[in-house]
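Dear colleague,

I am handing over the structure below, and I would be glad if you could look through it before reading the notes that follow.

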Amino acid sequence: MKGGEADAVRLLSLAEKEIATEILPGLSADARYRMRLVLNALKIAGAELRDGGDLKAATLAQLQTVETTPQGDGAETLGAMKLRLQALLRQGELDGNQALHRALVIIAEERGRLIR
Amino acid sequence: MGVTVALAESRLARHKETLEAFLAEAYRSEAVDLDDAAPLTGGAIQENWLLDLRIHGGPDAGQKQVVLRTDAASGVAVSRSRAEEFTLLQVAKAAGVLVPEPLWLCEDPAVLGKTFYVMARAEGTAAPHRFTKEPDLGGDRERLAERLGMELAKIHSIQPPREELSFLGEPPAHPALVAIERYRDYLDSLGALSLALEWGLRWCELHAPPSGAAVLVHQDFRTGNYMIDRQGLTAILDWEFCDWGDPMSDIGWFCAKCWRYAQPELEAGGIGSRAAFYRGYADVTGRSLDPQVVAYWEVMAHLRWAVIALQQGERALSGEEDSLELALTGRIYPPGLEGEILRCTEPALWRAAP
């Protein structure tokens with residue numbers, strides 16, 4: 001809250017709670033399924049607003065642990081780094097690379113956490 | 001499959017008269033009344049309608065329920081046409097596969113405005129959540145897993161060349177490598193930079209087993225695409241992705257963890273043991289399955305489903321379809337699939353490039 005105005009994360013969180021406790025229990029099976037989809041979308045959007053920036057930074061940091069030839073420069077954006085690693089993967093330059101595998105496992109887990 | 005709206009509210013209502021005339025001729029009857037038409041859930045690409053018919057005269061006089069299948073508003077490019085699907089059903093039925101009997105194909109746009117076909121109604125349900133909640137559905141589940149293995153083997157008994165299946169084209173020399181290239185192209189066209197999927201694709205490229213003779217592959221043979229009642233299996237559904245390919249791709253798709261729903265410990269589609277499914281398959285083919293080759297195709301299955309999920313998500317994001325379900329599919333499934341792919345392809349499981 002800031003000056004009495006709820007921010008996007010708080011609004012979404014209240015909307016989720018309203019749906020889960022007040023609306024869902026009274027719905028028929030088909031409508032409940034549709035409303036669960038809405039609830040899921042709100043949850044994911046809220047989590048992304050709250051943690052999406054951190055996830056991008058963490059992804060970049062994880063991928064920077066992977067030593068490659070050529071090595072990216074320190075100012076490389078996440079998109080540029082992914083493109084470079086994608087090309088190396090396709091060329092077979094990162095076959096079985098332990099550091100990359102470790103980084104990808106952590107990134108997948110973090111991404112999964114955002115949607116749970 | 002649930003019934004949700006009556007004929008009067010349905011999109012079929014304005015075609016009632018032409019449809020009745022078509023059915024009357026098909027049934028060699030004096031007249032057919034279409035009393036009700038209700039959409040059946042479960043098709044994102046096709047529309048399925050349960051039709052309640054009253055047939056006046058002819059060899060089938062009386063009341064009958066049949067299913068009409070036609071294209072939904074938004075199709076998928078890789079999906080077979082309804083006419084091709086009808087032919088595939090006929091070929092599968094002739095090979096002894098348990099399918100809903102294909103009755104009539106109609107390609108005259110004057111009847112419904114688009115091609116459709118009519119098939120017999122199969123009893124039971126295909127809804128995976130009911131499989132989990134109602135353990136008595138499908139009869140003995142080990143027997144069901146075995147039966148599914150037998151049905152899949154019968155599908156794989158259909159081999160090229162087959163003139164009536166000429167629309168499938170030439171069988172690929174190496175289905176796995178062709179699929180890997182296609183998935184990379186899809187990812188590129190989507191602008192999807194997924195390093196975990198790229199990792200999996202590279203592993204599959206390096207570890208592709210030698211491919212055997214091509215057969216007809218269903219390509220969506222999984223729990224959710226067959227129907228069961230209290231006694232057992234009643235029909236294999238959804239033939240829209242059939243092609244010539246490697247039979248092990250269907251085995252891997254069926255057993256992949258992503259299609260076991262709420263029962264991942266039941267490795268045959270979340271309904272039974274892998275041993276029972278394999279046994280059924282081997283009983284018909286006379287060949288036992290190589291677990292390593294199946295494991296390879298399970299990695300391919302997760303890759304394929306991840307790419308499809310991203311494609312479905314893109315259909316919603318691009319504005320092609322305002323579907324929250326599709327948007328969530330593209331968002332929810334890939335991280336879990338990536339995790340499974342990475343688990344199955346850890347560095348110790350890589351061999352050196354040739």
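**Where the chains meet**

The contact between the two chains takes 22 residues from chain B and 25 residues from chain A, where two residues are in contact if their C-beta atoms, placed from the backbone, lie within 7 Å. On the side of chain B that touches chain A, the elements that give two or more residues are α7 (195-207) and α11 (324-344) of chain B, and α11(B) supplies the largest share, 10 residues. Helices (H or I, at least four residues) and strands (E, at least two) are DSSP runs, numbered from the N terminus. Sorted by class, this side of chain B has 13 nonpolar, 3 polar and 6 charged residues; Ala, Val, Leu, Ile, Met, Phe, Trp, Tyr, Cys and Pro count as nonpolar, Asp, Glu, Lys and Arg as charged, and the others, Gly among them, as polar.

Please keep in mind that this is a predicted model, in which local features need pLDDT of at least 70 and side-chain atom pairs count only at pLDDT 80 or more, while totals for chains, interfaces and linings use all residues. Residues are numbered from 1 along each chain as its sequence is written, and chains are lettered from A and ligands numbered from 1 in the order in which they are written.

**The nonpolar core**

The largest nonpolar core has 106 residues, and those with the most contacts inside it are Leu104(A), Tyr226(B), Met300(B), Leu303(B) and Ala306(B). Such a core is a set of buried Ala, Val, Leu, Ile, Met, Phe, Trp, Tyr and Cys residues joined through C-beta atoms within 7 Å, and a residue is buried if 20 or more other C-beta atoms lie within 10 Å of its own, exposed if 12 or fewer, and partly exposed in between. Helix α10 (residues 291-317) of chain B contributes the largest share of this core, 12 residues. Because domain 1 (33-120) and domain 2 (128-349) of chain B both give residues to this core, it lies between them; these bounds come from an automatic or database domain assignment. Leaving aside its neighbours within four places in sequence, Leu104(A) is in contact with Leu195(B), Ala196(B), Trp199(B) and Leu342(B).

**The two domains of chain B**

The C-alpha centres of domain 1 of chain B and domain 2 of chain B lie 25 Å apart, and 19 residues of domain 1 of chain B are in contact with 19 residues of domain 2 of chain B. On the domain 1 side, helix α2 (residues 82-94) of chain B gives the most, with 7 residues, and the classes on that side are 11 nonpolar, 5 polar and 3 charged residues.

The 12 residues of helix α9 (residues 274-285) of chain B should span 16 Å at 1.5 Å a residue, and the end C-alpha atoms are 16 Å apart, which agrees; the expected span is 1.5 Å times one less than the number of residues. The buried residues of α9(B) are Ala276(B), Phe277(B), Tyr278(B), Gly280(B) and Tyr281(B), and what covers them includes α5 (141-156) of chain B. Leu148(B) lies in helix α5 of chain B and counts as buried, with 29 C-beta neighbours inside 10 Å. Not counting residues up to four places away in sequence, Leu148(B) touches Tyr226(B), Leu233(B), Phe277(B) and Gly280(B).

**Backbone details to check**

Most residues other than glycine have a negative phi, and most peptide bonds are trans. Pro160(B) and Pro161(B), however, are joined by a cis peptide bond, with omega about 0°, and Pro161(B) lies in the loop between α5 and α6 (175-190) of chain B. Arg28(B) has a positive phi of about 50° although it is not a glycine; Arg28(B) lies in the loop between α1 (16-26) and β1 (31-40) of chain B and is exposed, with 11 other C-beta atoms within 10 Å. Gln219(B), which is not a glycine either, has a positive phi of about 75°, and Gln219(B) is found in the loop between β6 (215-217) and β7 (226-228) of chain B.

With best wishes
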